[in-house]
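Open your viewer and get ready to click. This tour tells you what to select next and what is there.

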Amino acid sequence: MPPSAKPSFDGISHGYAPDGPPVAPPPVPLEQIVGDVVDNLSATAKAEFALIEARGELALHGASRAAIWGGVAATAAGVALLALAFGAILALSPQVGPLLATVIVVTVLLAIAGGAAWRAHISYGDIRTALRRDLTNEGFDDAADA
């Protein structure tokens with residue numbers, strides 16, 4: 001191309017309309033648009049319900065497994081505490097006698113149980129507060145307040 005000739009950009013497309021102005025799509029009837037929206041909403045609602053159901057089933061499965069393994073753990077812990085109590089009584093018996101050793105071990109275990117029960121009561125209060133409908137506690141709110 002000679003240096004005096006100016007370049008022409010007539011045949012170059014910039015990605016908008018390579019062969020001229022775009023062809024307008026035919027108009028879509030309003031009934032079809034409304035029908036598509038209803039179909040999409042219906043499909044979305046069905047998908048949401050399926051998701052809620054699946055999450056509920058997963059939670060139920062997890063809760064049942066947690067209950068089973070929690071029961072196994074609680075049973076094992078109970079047996080371990082029983083063995084610990086017997087061992088403590090046997091270890092203390094030569095020094096203070098069997099009756100006083102039993103009283104000492106039972107007193108310590110009851111103190112531990114009392115502390116655990118107190119902490120459980122506090123946690124139960126937190127749960128009740130979290131599940132209240134009336135968090136400001138200004139009115140009569142649930143049957144537990146009766």
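## The whole chain

Select the protein chain: buried residues make up 7% of its 146 residues. Buried means under 20% relative accessible area, exposed over 50%, and partly exposed in between (1.4 Å probe, protein chains only). The chain exposes about 12,400 Å², and carbon and sulfur atoms supply 70% of that area. This is a predicted model, where local features need pLDDT of at least 70, side-chain atom pairs count only at pLDDT 80 or more, and totals for chains, interfaces and linings use all residues. Residues are numbered from 1 along each chain as its sequence is written, and side-chain values use heavy atoms, without hydrogens and water.

## Two helices

Now colour by secondary structure. The protein chain has two helices and zero strands. Helices are DSSP runs (H or I, at least four residues), and strands are too (E, at least two).

Select residues 30–96 for helix 1 and residues 98–130 for helix 2. Their axes come within 7 Å and cross at roughly 140°. That makes helix 1 oblique to helix 2. Oblique covers the angles left over after roughly parallel (under 35 degrees), roughly antiparallel (over 145) and roughly perpendicular (65 to 115).

## Where they meet

Zoom in on the contact (heavy atoms within 4.5 Å). On helix 1, select residues including Ala85, Ile89 and Val96; on helix 2, including Leu100, Ile104 and Leu109. The contact residues divide into eleven nonpolar, two polar and no charged.

## Last stop: Ser93

Is Ser93 buried or exposed? Ser93 counts as buried, because its relative accessibility is 18%. Ser93 sits in helix 1. Beyond its neighbours within four places in sequence, Ser93 touches Pro98 and Ala101.

Technical notes
Axes are lines fitted to C-alpha atoms, for helices over the stretch in contact, and angles run from 0 to 180 degrees between N-to-C directions. Ala, Val, Leu, Ile, Met, Phe, Trp, Tyr, Cys and Pro count as nonpolar, Asp, Glu, Lys and Arg as charged, and the others, Gly among them, as polar. Accessible areas come from the Shrake-Rupley method with a 1.4 Å probe; for residues, only the protein chains shown count as cover.
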